Amino acid sequence: MKKLLPILILALVLLSACGEKEELPLKDQLSQCGDNICQEIEEDLGKCPEDCEQLGLPRLAGGPPSDPQRETEITAFTSPLYFTIVMHTEEDTGSCRNPKAQIPDYDGDENLMLHFTSAMREFGEMVASHSAKINMGNDWTFSNGVEKFDPTFYTDFEAMGHEIDAHAHESCINYEGVRQAIIDAGGTPTKVASGIKEDEITEELEYLDTLSPSFQILWGVASPGHNEGEEMSSWVWRPAKDDWTQHDPNGKYIHIGHGAYTNSIESVEEAIANLQPNTINTFAVFATPREFKAEMGTGISDDWSATKKECGYWANMIEWWDEFLTELDVYVESGELEYATLTEIAETFEENENNLIFEQSELPRSAESMTSRRKQSGYCGL
Ligand SMILES: [Zn+2]
């Protein structure tokens with residue numbers, strides 16, 4: 001009995017805690033579609049059109065609380081899946097002196113750089129034609145290449161509705177320098193810092209606080225080499241200083257999770273099926289300019305060329321993405337998925353912060369490396 005007593009007390013506490021606001025699980029609530037009653041949850045999720053006259057975008061917030069006695073409680077809502085296409089370019093030179101064979105020489109090879117910016121313009125326009133948004137995070141050598149060889153690229157890309165972020169691994173140029181390189185190349189950098197490694201994040205945030213106060217949004221906190229065990233959160237929170245995986249309402253930074261980070265319709269559908277209430281639900285898919293290869297035999301190094309039959313040929317890549325985005329149309333129309341830049345997601349988070357619940361005792365983590373997940377997804381840009 002001695003051992004049972006704490007369990008009994010715990011059970012009593014739990015019972016009394018949930019007794020008042022016991023609700024059916026979300027699935028069961030939605031299974032009442034077709035009963036001609038438009039329940040709040042149905043309307044919030046934009047589901048059950050047969051029950052709800054006004055089928056439209058999910059309500060983000062607002063509306064009176066259903067029970068006046070609960071006015072101090074948060075307003076129930078379910079956000080759509082905020083969906084962003086994220087692109088990164090890496091520095092082509094490590095420690096400012098060692099060229100990297102696997103990264104194009106963005107700031108040294110004019111023809112190659114012009115191939116990539118031309119492919120990115122076409123890609124950016126196709127994406128914009130779907131009203132989708134790209135956040136392109138660039139390390140310093142890509143921005144140097146833009147400044148030298150294609151100085152209107154950033155302004156053109158931003159005019160399509162996309163954003164330019166600082167992406168850095170700081171082998172010799174720090175975040176502030178990478179941000180400055182974007183400005184020097186004519187771009188308007190966002191407040192996003194991407195490329196921070198998870199095992200360095202506590203020190204990194206302290207350093208950003210003092211040396212780079214312009215950064216506020218964190219994206220893609222990575223494990224080395226994007227190996228298995230990488231965090232795959234699919235929501236937004238303010239990382240606590242001593243433990244970034246936990247939410248601190250007073251934290252300066254806003255972390256946007258990317259979810260499974262896999263370019264497949266199946267993983268998007270899974271994320272939509274798992275939309276969490278009172279959460280800013282997020283998902284990103286990933287591409288990098290070097291996946292968009294030039295035509296073989298046109299003077300560009302074979303490393304960055306492909307035949308027109310190959311999936312990695314730039315026009316085929318754009319076609320693949322065009323089809324991918326077309327398949328998402330149905331979810332955009334239903335209001336379950338909404339395209340957004342990372343800045344827009346951070347703004348939506350701030351607007352709804354008082355109505356959010358943070359249940360994240362442990363972050364979800366990948367069982368396989370990013371490369372292996374992407375290969376299995378059938379994405380051809382590898
Ligand atoms: Zn990187």
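Guide: One term before we start: a helix axis here is a line fitted to the C-alpha atoms over the stretch in contact, and angles run from 0 to 180 degrees between N-to-C directions. Keep in mind that this is a predicted model.
Visitor: Okay, at what angle do helix 5 and helix 7 pack?
Guide: About 15 degrees, with the axes 8 Å apart; helix 5 covers residues 140–149 and helix 7 covers residues 175–184. Angles under 35 degrees count as roughly parallel, so helix 5 is roughly parallel to helix 7.
Visitor: And which residues in helix 5 and helix 7 meet?
Guide: From helix 5 you get Trp140, Ser143, Asn144 and Glu147, and they meet Gly177, Val178, Ala181, Ile182 and Asp184 of helix 7. Sorted by class, that contact has 4 nonpolar, 3 polar and 2 charged residues.
Visitor: New topic: how many residues are in the largest nonpolar core?
Guide: It has 77 residues, and Ile85 is among those with the most contacts inside it. Helix 4, residues 110–129, gives the largest share of this core, 7 residues.
Visitor: What is Ile85 in contact with, leaving aside its neighbours within four places in sequence?
Guide: Val127, Ala132, Lys133, Ile134, Val285 and Ala287.
Visitor: Now Asn274: buried or exposed?
Guide: Exposed, because Asn274 has 11 C-beta neighbours inside 10 Å and the cut-off for exposed is 12 or fewer.
Visitor: Where is the place of Asn274?
Guide: Asn274 is in the loop between helix 9 (265–273) and strand 10 (282–287). Leu81 is 193 residues from Asn274 in sequence, yet their C-alpha atoms are 9.5 Å apart in space.

How values were computed
Residues are numbered from 1 along each chain as its sequence is written. This is a predicted model: local features need pLDDT of at least 70, side-chain atom pairs count only at pLDDT 80 or more; totals for chains, interfaces and linings use all residues. Helices (H or I, at least four residues) and strands (E, at least two) are DSSP runs, numbered from the N terminus. A residue is buried if 20 or more other C-beta atoms lie within 10 Å of its own, exposed if 12 or fewer, and partly exposed in between; C-beta atoms are placed from the backbone. A nonpolar core is a set of buried Ala, Val, Leu, Ile, Met, Phe, Trp, Tyr and Cys residues joined through C-beta atoms within 7 Å. Two residues are in contact if their C-beta atoms, placed from the backbone, lie within 7 Å. Angles under 35 degrees count as roughly parallel, over 145 as roughly antiparallel, 65 to 115 as roughly perpendicular and the rest as oblique. Ala, Val, Leu, Ile, Met, Phe, Trp, Tyr, Cys and Pro count as nonpolar, Asp, Glu, Lys and Arg as charged, and the others, Gly among them, as polar.
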